[in-house]
Amino acid sequence: MGYNEEAFIKILKSKGLKVTNQRKAVLKALSSKPDQHLTAEEIYELVRVDTPEIGIATIYRTIQLLCELGLIDKLNLDDGYVRYEIGKEDKNEHHHHHLICVNCGKVLKFDDDLLDELEKQVEKTTGFIVHDHELKMYGYCRDCQNNRK
Ligand SMILES: [Zn+2]
Ligand SMILES: [Zn+2]
Ligand SMILES: [Zn+2]
């Protein structure tokens with residue numbers, strides 16, 4: 001989702017939470033890099049540019065809160081770091097897929113869901129209603145394929 005300050009303020013207020021500069025700054029940092037998956041430290045570096053007085057502990061706390069509110073998503077992309085990305089604006093939309101290069105570690109995102117058939121089948125067979133999913137694919141990115149030739 002793009003950084004929609006109005007929607008953000010509405011969500012915080014509906015939870016009885018204050019709209020603080022830190023909260024706005026963390027959300028802004030993540031929405032400025034929609035194709036990246038940032039660690040808390042990387043978010044900290046971005047936020048510090050505009051808000052140098054902010055501390056890392058506050059960043060951790062703020063990230064935690066925004067995760068709980070569903071405004072940002074926590075990810076494990078198998079590189080030993082906890083990473084975050086901006087959440088989906090439309091909660092009915094499913095999470096994009098992640099393509100992980102096993103050679104260079106690059107992570108690409110793939111937006112088309114294409115799992116409708118599978119989701120329907122799961123529901124039919126088990127009665128389980130799929131709400132969302134996290135799909136990781138492992139392989140070689142274009143650059144690594146070229147380098148291997
Ligand atoms: Zn899906
Ligand atoms: Zn690669
Ligand atoms: Zn992603």
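Start with the zinc ion (ligand 2) and show the side chains of Cys101, Cys104, Cys141 and Cys144: their SG atoms are its protein donors, lying 2.3 Å from it. Keep in mind that this is a predicted model. Check the angles among the four donor atoms and you'll get 104 to 115°, so the site is tetrahedral. For comparison, the ideal angle for four tetrahedral donors is 109.5 degrees. Along the sequence, the donor residues follow the spacing C-x2-C-x36-C-x2-C.

Now colour by secondary structure and pick out two of those cysteines. Cys104 sits in the loop between β4 (97-101) and β5 (107-110), while Cys144 belongs to helix α6 (residues 142-148), so the pair ties together parts that are 40 residues apart in sequence.

Next, select Lys88, Glu93, His96, Lys109 and Asp111. Of the 15 residues lining the largest pocket, these are the closest to its centre. The pocket's volume is about 230 Å³, and its lining is made up of eight charged, four polar and three nonpolar residues. Colour 1-93 and 94-149 separately: domain 1 and domain 2 both give residues to this lining, so the pocket lies between them.

Last stop: α2 (21-31) and α3 (40-50), which each supply at least two residues to the lining of the second largest pocket. Which helix gives the largest share of that lining? It's α2, with five residues. This pocket has a volume of about 180 Å³, and its lining includes Glu5, Asn21, Lys28 and Asp50. By class, that lining has four nonpolar, three polar and four charged residues.

Methods: Residues numbered from 1 in each chain as written. Chains lettered and ligands numbered in written order. Predicted model: local features only at pLDDT ≥ 70, side-chain atom pairs only at ≥ 80, totals over all residues. Heavy atoms only, no water. Donors = N, O, S within 2.8 Å, 3.2 Å for Na, K, Ca; no water. Tetrahedral: all angles 85-135°; square planar, octahedral: opposite > 155°, others 65-115°. Helix = DSSP H or I, 4+ residues; strand = E, 2+ residues; numbered from the N terminus. 1 Å grid on protein atoms, 1.4 Å probe; cavity = no way out; pocket = protein on both sides within 12 Å on 5 of 7 lines; lining within 4 Å. Points joined across faces, edges and corners; volume = space filled by probe spheres on them. Nonpolar A, V, L, I, M, F, W, Y, C, P; charged D, E, K, R; others polar. Domains from an automatic or database assignment.
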